[in-house]
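New notebook page, new structure.

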Amino acid sequence: MNLSFTRHRRLRQSAAIRSMVRETVLTPADFIQPIYVTYGKGVKHEIKSMPGVYRFSLDMLEEELQEIVSLNIPAVLLFGIPETKDSVGSSAYAENGIVQEAIRLIKSRYPDLQVIADTCLCEFTDHGHCGMVHTFERDGELCGDVLNDESLELHVQTAISQARAGADIIAPSNMMDGFVQAIRSGLDEAGFSHIPIMSYSVKYASAFYGPFREAADSAPQFGDRKTYQMDPANAREALREAESDVLEGADMLMVKPSLSYLDVMRTLKDQFDLPLVAYNVSGEYAMVKAAALNGWIDEKTMVLEILTSMKRAGADMIITYSAKDAAKWLLEGGR
């Protein structure tokens, strides 16, 4: 037979050849490990909806940090659960706040580990929203409006306090209009012009955040976040959001969640010449973990495939609760 078709399978016939021609390669250096810190002593509390993920008191952080560093994961993203909450989230920008204390602790023990501070108020406000709110009753139910401009100053105070504590990167996640410009100006005026901003530029009002709200104790006490987080149906809007952040001084752009928004990630990667961050969020982690615990999937293979898809779509960095597991698998030759 004289056949003239192309033989694509020639480059797939062995593991060695597949490795040699692989276009997208994951390494532990791609990952950022989220960490939840809380008040108290002796606390290592597993989050029910996120098996394998814990809240730590500061005295219980050492083992976690040692493991992260030993796996060559270069950075952590800090979230804090305070002892007290109020309407303006004052624990978020207190000099002795839980995140600020955690930053100091980590940098004193592991100065080369990059500490990224999530800059938001939702974990620290008694109403669970990401800014100041004007509350009122309508038909007997508590309602509220999130106040954009009034909230910016609180986010600036939070960012400055985190930078003063030693944070390497500020990651504002509040989705208030103008938040990058306000934080950039505040950091510069406070003497922190060298601190980069990793902006949650494209953050959707997603159902995939459910487990995070248990982990961070940050569920809204009324309403939802749809007036400031993006509609999942919109892609072109993501370009407008990202362009604003670029013009306002962001150093890195983020898409959150990532798995259902790979098209948006690819668009941003093609459009903007800034490092791109994917956030493999709590609901994405929980779905895979639950299926794995039921024996329905091969967790290792699926996690590495998901993370590869994010890098293939354009991510330069991936925030993932699977960072430690994925790093172990890769160091063992898992892909």
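Before I start: I take contact to mean heavy atoms within 4.5 Å. I also keep in mind that this is a predicted model.

**Inside.** I looked up F31, setting aside its neighbours within four places in sequence, and found it in contact with residues including L26, I73, P74, L307, I318 and L330. F31 is also listed, with I35, L78, L187 and L268, as having the most contacts inside the largest nonpolar core, which has 78 residues. Helix α4 (residues 148–165) gives the most to this core, seven residues. Another core lies apart from it, with 26 residues, among them L77 and A215.

**Surface.** I found a nonpolar patch made of M1, L3 and F5, with about 410 Å² of accessible area together. F5 sits in the segment before α1 (15–20). Its relative accessible area is 48%, so I note F5 as partly exposed.

**Charges.** How many salt bridges does the structure hold? I get 15. In one of them, R164 meets E95 at 3.0 Å, N to O. That pair links distant parts of the chain, with R164 in helix α4 and E95 in the loop between β4 (75–81) and α3 (98–109), 69 residues apart.

R266 bridges to D270, with the closest N and O atoms 3.1 Å apart. These two are four residues apart in helix α8 (residues 262–271), so about one helical turn separates them. I have D270 down as exposed because its relative accessibility is 58%.

Helix α8 turns up again: its K269 pairs with D316, 47 residues away, at 2.7 Å, N to O.

Technical notes: Residues numbered from 1 in each chain as written. Predicted model: local features only at pLDDT ≥ 70, side-chain atom pairs only at ≥ 80, totals over all residues. Heavy atoms only, no water. Core = buried A, V, L, I, M, F, W, Y, C linked by side-chain atoms within 4.5 Å. Buried < 20%, exposed > 50% of the residue type's maximum accessible area, 1.4 Å probe, protein only. Patch = residues over 30% accessible without salt bridge, like charges linked within 9 Å, V, L, I, M, F, W, Y side chains within 5 Å. Areas by Shrake-Rupley, 256 points an atom, 1.4 Å probe, with all protein chains shown as cover. Salt bridge = Lys/Arg side-chain N within 4 Å of Asp/Glu carboxyl O.
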